[in-house]
Amino acid sequence: MRLRPSKLILLIPLAFLLVFFYIPLASIIKTGLWNGGFTLRYLGEVLSNGYHRHVIAFTVEQAIASTLLTIALGLPGAYIFAKYDFPGKRIIKAFLTVPFVMPSVMVALGYILLFGRYGFITELVGHNLDILYSWKAILLAHAFYNFPIVIRMVSALWQRINPHYEEAAMALGARGWRLFWRVTLPMISPAIFASAMLTFVFCFLSFSIPLILGGYQYATIEVDIFTQVMTLLDFKMGAALALIQIALSAIFMYIYLKSLEAYSKREEQRVLQRPARFEWRNLFSVKGLLMVGYALIVFLFIVAPLLAVLYDSLRFQGSWSLEWYRRVFSPRYNPMFEASTLITIRNSLAFGVSTVVLSTLVALPVAYALHRWNFRGKRAFDVLVMLPLASSPVTLGLGYIKVFHSTPLYYTAAIVAIAHTVIAYPFVLRSVSTALGKIKPNLFEAALSLGAREWKAFLKVELPIAMGGIIVGAIFAFAMSIAELGATYMLAKPEYTTMAVAVYRFLGSRQFGSASALSVMLIALSTLSFMVIERMGEEVW
């Protein structure tokens with residue numbers, strides 16, 4: 001690839017990624033493999049320790065089990081959204097997508113309010129269901145988080161299946177389960193596999209859910225890294241664990257990107273079907289009753305935790321009240337995080353806006369390069385620029401502590417905004433890349449033939465067309481920023497406490513009312529964001 005002046009703009013995001021992702025990543029690698037010289041001592045200590053081996057094995061096992069549960073929960077929903085049209089469909093779909101960017105502490109709060117010793121479900125059934133603080137809670141919470149991925153990806157492809165294939169199979173006698181297994185399933189399998197791999201990666205890198213709902217008995221690699229670094233101050237062992245996590249997650253991410261290619265190709269080859277109007281008179285048919293049963297399951301494990309948080313935020317000393325919201329909006333100093341709760345709201349919004357601007361500026365040139373330029377090593381370049389998706393917030397926080405602890409950048413608002421940008425950027429990149437990939441090449445070629453330079457053709461022709469994808473990516477970046485916890489907890493001064501960190505602190509001190517009120521605000525912001533995304537009609541993953 002010859003470096004023309006128009007291509008120099010790519011150096012800016014690459015320099016950003018180099019300084020704020022690859023150098024911290026290299027620092028972790030050096031810490032785990034260097035002690036006056038190259039050594040495998042710390043990796044050996046991790047792998048020879050029974051507890052650490054158990055943690056690694058459990059991390060993989062719970063990720064597999066969580067993925068299977070998420071697929072089982074998401075497939076029926078994907079079928080309903082792909083095949084049927086009904087009132088409020090877009091709003092419901094946006095609302096069901098909200099859990100994906102909810103702070104993990106809010107999920108823990110919702111499940112505590114439902115299944116805790118004095119939870120709503122516990123009091124309803126009359127005895128403790130033994131769900132909290134176990135592997136069952138981890139799997140359910142992971143399904144809560146990731147089932148929107150399955151619904152959106154699979155339903156998007158399911159809608160594009162050419163109906164003639166199913167009609168031909170039915171003419172040959174295929175019906176029901178056989179029709180699905182022989183015809184439909186092979187056609188939607190790229191979406192199922194891609195969504196399963198993305199779900200697996202997120203569950204593999206999970207932090208707060210295992211920490212809060214599982215405890216140290218069910219710790220994951222991410223929890224183990226956090227404990228080694230923040231509690232035991234053992235950076236060598238933390239880095240060795242991070243090396244194992246990075247190596248495994250990079251492999252899983254590569255498989256996901258390969259599956260995403262197959263998914264994108266299959267999606268392009270299909271024409272969007274018009275969903276059938278759901279007739280309410282069919283509600284009491286076998287299919288209708290199955291849909292009602294599925295809706296009840298989704299309500300219990302997906303919607304009910306959100307409603308439990310809303311209900312708890314409106315109850316004060318046994319009566320209906322807005323007292324928790326009054327306290328949240330109070331400018332009164334809170335010694336728990338050395339700032340007022342109102343400041344945490346301001347911080348979250350400021351970090352969210354900063355993340356939108358920075359992640360868009362970083363992702364746009366990279367997405368354009370992948371879309372427009374052909375060069376040697378393009379596939380490897382694609383994997384490298386998507387690598388932040390395979391790196392967890394806690395690992396990123398560890399890298400920043402190692403690299404920036406002696407610089408003026410450390411412990412500032414800027415480093416928190418940068419960390420949020422690195423975490424959100426892959427989603428913006430994927431959204432923009434998808435939007436650019438849908439543009440017909442002849443439009444760009446026509447602009448060039450009329451004398452426009454490459455950069456001008458992009459700005460005048462392609463950028464306006466791709467603006468929907470850019471806006472969706474920006475909204476997603478904002479939602480990811482306000483929900484981020486792990487890296488913020490490790491890097492932010494008390495005065496830069498965010499809403500997500502405040503919810504975690506409230507939860508740790510058993511102040512559920514204030515935690516619920518802040519969580520409701522996060523739910524409202526996320527719901528509004530995804531309603532806009534649904535209106536734009538673009539996909540992020």
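Analyst: Helices (DSSP runs of H or I, at least four residues) and strands (E, at least two) are numbered from the N terminus. Ser330 is placed in the loop between α14 (323-328) and β5 (333-334). The model is predicted, with local features requiring pLDDT of at least 70 and side-chain atom pairs pLDDT 80 or more, while totals for chains, interfaces and linings use all residues. Residues are numbered from 1 along each chain as its sequence is written, and side-chain values use heavy atoms, without hydrogens and water.

Ser330 has a relative accessible area of 18% and is therefore buried (under 20%, with a 1.4 Å probe and protein chains only; over 50% is exposed, and in between is partly exposed). A polar atom of the Ser330 side chain lies 3.1 Å from the backbone nitrogen of Arg332. Beyond its neighbours within four places in sequence, Ser330 is in contact (heavy atoms within 4.5 Å) with Ser340, Thr341 and Leu342.

Thr341 and Leu342 belong to helix α15 (residues 341-372). The axes of α15 and helix α16 (residues 378-386) come within 11 Å and cross at roughly 155°; axes are lines fitted to C-alpha atoms over the stretch in contact, with angles from 0 to 180 degrees between N-to-C directions. The two helices, α15 and α16, are therefore roughly antiparallel (over 145 degrees). Val366, Ala369 and Leu370 of α15 meet Lys378, Phe381, Asp382 and Val385 of α16. By class, this contact of α15 with α16 has five nonpolar, no polar and two charged residues; Asp, Glu, Lys and Arg count as charged, Ala, Val, Leu, Ile, Met, Phe, Trp, Tyr, Cys and Pro as nonpolar, and the others, Gly among them, as polar.

Methods
A polar contact is a pair of N or O atoms within 3.5 Å; within protein, one must be able to donate a hydrogen and the other to accept it, and residues adjacent in sequence count only if both atoms are side-chain atoms. Angles under 35 degrees count as roughly parallel, over 145 as roughly antiparallel, 65 to 115 as roughly perpendicular and the rest as oblique.
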